[in-house]
Each structure stands twice: as structure tokens, then as C-alpha cells.
Amino acid sequence: MGFLIGFLINCAITAAILSFIPMVKHKGFGSCFAVAAIMSVLNVLLVSVAALPAVLCAVIVALIPILNVILLPLLSLLFALLINTISLYLADQAIEDFKIKSLSDTAATAAVLAVCNTVIQFVLR
């Protein structure tokens, strides 16, 4: 039950953020909520699939001490941005009433969502 409430709250927050981003064209909060729900499910699936390559990259980077400090946080950020961009793109294609014009706009929107979600999670914990 707690997972479902957290999922719905996350979808509502993501939908609210999506509804205010100027690069996103939508026909209402409902289409933004549907995209947020699809994104959440796709994020779980994509992270599961991409976990092994990400861990291998992290292990390689961790073996070199100077790279560990610089590249590990950057690698984590790029991994999260890539997963969010792919899931947002796929959700965009699935929902008719929701459109983002280009892939660069999709990546920028995914970056805004990642920053906003990170700030919100930091505040709530």
C-alpha cells in the first residue's frame, strides 16, 4: 500500500512539473499523469536492464583513484539522464495527447525532471 501511495505521489509531482515545462505540449494534467506513470514503470525496467553495464563501468572507474572522485558522480548523473530520456521519449510516443518536439527537448525535459525530483526527495527525507 505504501508503494502505491508513493508511486501516485511521484506521478502527480512529475505530472505537475511536466505541465509547466514550455517545451512540452499536452492536453491537460491527465496526459501528463499518464506519461509520468509510464515513465515510472519504464524507469524500473530500464534500470534493471542497464544495471550490469553501469556497474561494470563504475567498477572500472573505481579502480583508478583519481577518476573515482571525478568520473563516478558524472557517470551516475549521465546514467540517470539517459534512463530518464529514454523513458520520457517512449512515454511521449505512447500518449497521443502529449508531445515533445525533438530529442534534445526530451533530454532537457528529462534533466529538469531529474533535478526537480532530486530536490523534492532531498526535502522529503
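How far apart in helix α2 are phenylalanine 29 and phenylalanine 33, counted in helical turns? About one turn, because these two phenylalanines sit four residues apart in helix α2.

**A note before the views.** This is a predicted model, where local features need pLDDT of at least 70 and side-chain atom pairs count only at pLDDT 80 or more, while totals for chains, interfaces and linings use all residues. Numbering starts from 1 along each chain as its sequence is written, and side-chain values use heavy atoms, with hydrogens and water left out.

**View 1. The whole chain, for orientation.** Four helices and two strands make up the secondary structure here; helices (H or I, at least four residues) and strands (E, at least two) are DSSP runs numbered from the N terminus. Reading along the sequence gives α-β-α-α-β-α. The C-alpha trace spans about 50 × 35 × 25 Å along its principal axes. Of the 125 residues, 27% are buried, where buried means under 20% relative accessible area, exposed means over 50%, and partly exposed is in between (1.4 Å probe, protein chains only). The chain exposes about 7,900 Å², with carbon and sulfur atoms supplying 79% of it; areas come from the Shrake-Rupley method with a 1.4 Å probe, and for residues only the protein chains shown count as cover.

View 2. The structure holds one aromatic pair. Phenylalanine 29 and phenylalanine 33 form it, tilted, at 6.4 Å centre to centre and 40° between the planes. For the pair call, ring centres of Phe, Tyr and Trp (its six-membered ring) must lie within 6.5 Å; planes under 30 degrees apart are stacked, over 60 edge-to-face, and the rest tilted. Phenylalanine 29 is partly exposed at 43% relative accessibility, and phenylalanine 33 is partly exposed too, at 27%.

**View 3. Two residues of α1.** Alanine 15 belongs to helix α1 and is buried, with a relative accessible area of 0%. Skipping residues up to four places away in sequence, alanine 15 touches Phe29, Cys32, Phe33 and Ala36, a contact being heavy atoms within 4.5 Å. Isoleucine 13 is in helix α1 as well, but counts as partly exposed at 25%. With neighbours within four places set aside, isoleucine 13 is in contact with Asn117 and Ile120. Its C-alpha is 8.7 Å from that of alanine 36, 23 residues away in sequence.

**View 4. Inside the largest nonpolar core.** This core has 18 residues, and Leu18, Val24, Val35, Met39, Leu88 and Phe98 touch the most other members. A nonpolar core is a set of buried Ala, Val, Leu, Ile, Met, Phe, Trp, Tyr and Cys residues joined through side-chain atoms within 4.5 Å. Elements giving two or more residues are α1 (2-20), α2, α3, β2 (98-100) and α4 (103-124), and α2 supplies the largest share, five residues.

**View 5. A nonpolar patch on the surface.** Val55, Val59, Leu63, Ile64, Ile66 and Ile70 form this patch, with about 590 Å² of accessible area together. Both α2 (29-62) and α3 (65-94) give two or more residues to the patch. Patch residues have over 30% relative accessible area and no salt bridge, with like charges joined within 9 Å and nonpolar side chains (Val, Leu, Ile, Met, Phe, Trp, Tyr) within 5 Å; a salt bridge is a side-chain nitrogen of Lys or Arg within 4 Å of a carboxyl oxygen of Asp or Glu. Valine 55, found in helix α2, is partly exposed at 48%.
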